[in-house]
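Open the model in your viewer and keep the selection tool at hand.

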Amino acid sequence: MATFYDTHAHLDYPDYKDDFAEVIARAQAAGISKMISIGTSLDSSERAIRLAEKYPAIYAAVGWHPSDAMKAPSDLRPALREMCKHPKVVAIGEIGLDYHRLPGMSGARGVTRPTMPVAAGRVTPCAPSEDDTRYKQRQADIFQQQLEVAIETGLNCVIHQRDAFDDTLAQIKPFSGKVRGVFHCFGENAGRMRLVLDIGSLVSFTGIVTFKNGQNVRDTVAATPLDKFMLETDCPYLAPVPYRGKRCEPAYVKEISEVVAQVKNCSLDELSAATCKTAQEFFRKL
Ligand SMILES: [Zn+2]
């Protein structure tokens with residue numbers, strides 16, 4: 001059986017509290033041999049580390065998600081530096097910029113869900129308000145702090161961006177050569193994928209590749225070199241077909257890998273070898 005990694009999972013979320021051990025057992029039975037639990041706050045990062053300590057197959061990324069930027073402590077760096085010393089902390093993340101819902105838009109303060117299907121309809125922006133400017137500034141500030149910790153600790157970054165591609169790329173660009181990012185849940189076109197690769201970063205693909213309306217993402221997969229991407233679920237979100245709409249879990253990397261192998265016109269073994277090697281080189285402590 002071909003082996004894969006789930007390079008982006010939110011295993012600390014309450015969605016798994018009732019059947020956590022079974023979720024991990026199902027992943028391993030499906031050939032998903034390593035999973036990275038991604039932090040979205042300091043508490044979430046701590047929980048990811050605890051899971052990594054308990055389960056040999058689980059690793060942790062530590063970071064503060066941009067959607068919750070207003071709740072972040074003024075200086076995230078000391079706490080993150082400490083966490084990065086842990087042998088199973090393999091990256092800083094998820095970090096970046098998210099302009100999908102800005103304070104100037106109605107319901108904006110409810111931005112707690114880290115990622116949503118990229119293919120979904122876009123919100124029409126209102127005129128920028130002072131709140132929007134402050135919110136974006138705060139996101140940029142904590143993104144910068146976390147990029148600095150990445151440099152100091154020699155860890156790469158898991159990048160989240162939504163409706164903020166240009167600003168995210170511009171902010172990470174000065175760090176290229178020193179820090180690499182993986183632009184996770186990648187849903188942009190092939191041109192933007194190349195801009196990411198140009199700065200030495202990578203992309204990763206979720207269950208969106210299996211969606212009927214995911215042709216744009218499949219086109220980007222087709223254009224991405226086999227050694228420049230990784231696979232992930234972003235669970236509990238974005239369950240692939242045939243589980244679409246249900247709770248997602250790491251075992252479903254299998255369904256994602258099958259579609260990606262078709263799109264790349266390669267065998268599952270070739271895809272396994274390429275994506276695991278890429279992940280191993282990117283997350284060096286994996
Ligand atoms: Zn995520």
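Start with the surface of the whole protein chain.

A note before you select anything. This is a predicted model: local features need pLDDT of at least 70, side-chain atom pairs count only at pLDDT 80 or more, and totals for chains, interfaces and linings use all residues. Residues are numbered from 1 along each chain as its sequence is written, and side-chain values use heavy atoms, with hydrogens and water left out.

**Whole chain**

Switch to the C-alpha trace. Along its principal axes it spans about 55 × 40 × 40 Å. Now colour by burial: buried residues make up 59% of the 286 residues. Buried means under 20% relative accessible area, exposed over 50%, partly exposed in between (1.4 Å probe, protein chains only).

The protein chain has 9 helices and 8 strands. Both are DSSP runs numbered from the N terminus: helices are H or I with at least four residues, strands E with at least two.

**The sheet**

Select the strands. The 8 strands form an open sheet with parallel pairing, in the order β1-β2-β3-β4-β5-β6-β7-β8. Two strands pair if DSSP finds at least two bridges between them. From one strand to the next, the twist averages 30°. Axes are lines fitted to C-alpha atoms, for helices over the stretch in contact, and angles run from 0 to 180 degrees between N-to-C directions.

Zoom in on β2 (residues 32-38) and β3 (residues 58-62). They run parallel, joined by 4 bridges. Pick I38: its bridge partner in β3 is A61.

Next, select helix α8 (residues 253-264). This helix lies across β1, β2, β7 (202-205) and β8, and runs at about 145° to β8.

**The ring pair**

Show the aromatic side chains. There are 6 aromatic pairs in the structure. Rings of Phe, Tyr and Trp (its six-membered ring) pair if their centres lie within 6.5 Å; planes under 30 degrees apart count as stacked, over 60 as edge-to-face and the rest as tilted.

Which kind of pair do Y13 and Y237 make? Their ring centres are 6.2 Å apart and their planes stand at 80°, so the pair is edge-to-face. Y13 is in the loop between β1 and α1 (20-29), Y237 in the loop between β8 and α8, 224 residues apart. Y13 is buried, at 13% relative accessible area. Y237 is buried too, at 8%.

Methods:
Contact = heavy atoms within 4.5 Å.
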